[in-house]
Amino acid sequence: MIQSRPIEIDGRFVGVAVHSAKDWHLVAVDPALEDLHGTRFPSPADAERVARLVLRRARGGPPRPVLVPVTGFAG
């Protein structure tokens, strides 16, 4: 049986993550994601995360800050 997960971003259906033997691949339906069509990901959440980043860039939105955990800080 084929497993799939719809990917919706900001209320807009943009594609589907489809499970294959080892991983998930993206079936993009939004033209802004055509370069991601067929790309493989370890999980549907990873496919959605990357799709969200690509759409944000395509819309000219500000990049999300990258938060890096700080460990061992003795301030």
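This is a predicted model: local features need pLDDT of at least 70, side-chain atom pairs count only at pLDDT 80 or more; totals for chains, interfaces and linings use all residues.
What else does Asp23 contact, leaving aside its neighbours within four places in sequence? Show Val18, Arg40 and Phe41.

Stay on Arg40 for a moment. It is the bridge partner of His25, and 2 bridges join strand 3 (residues 24–28) to strand 4, the two running antiparallel.

You'll see 4 strands in an open sheet, ordered 1-2-3-4, with antiparallel pairing. Strand 1 (4–9) and strand 4 (40–41) are at the edges, each with a single partner strand, so one side of each has no neighbour in the sheet. Next, colour helix 1 (residues 44–58): this helix lies across strands 1, 2, 3 and 4, at about 25° to strand 1.

Back to charges: the structure holds 6 salt bridges. Pick Asp30 and Arg12, whose closest N and O atoms are 2.2 Å apart in another one. Asp30 is in the loop between strand 3 and strand 4, and Arg12 is in strand 2, 18 residues apart. Is Asp30 buried or exposed? Buried, because its relative accessible area is 10%, under the 20% cut-off. Arg12 is partly exposed at 32%.

Last stop: Asp10 and Arg59 form a salt bridge at 3.1 Å. Asp10 is exposed at 62%, while Arg59 is partly exposed at 44%.

How values were computed:
Residues are numbered from 1 along each chain as its sequence is written. Side-chain values use heavy atoms; hydrogens and water are left out. Two strands pair if DSSP finds at least two bridges between them. Contact means heavy atoms within 4.5 Å. Axes are lines fitted to C-alpha atoms, for helices over the stretch in contact, and angles run from 0 to 180 degrees between N-to-C directions. A salt bridge is a side-chain nitrogen of Lys or Arg within 4 Å of a carboxyl oxygen of Asp or Glu. Buried means under 20% relative accessible area, exposed over 50%, partly exposed in between (1.4 Å probe, protein chains only).
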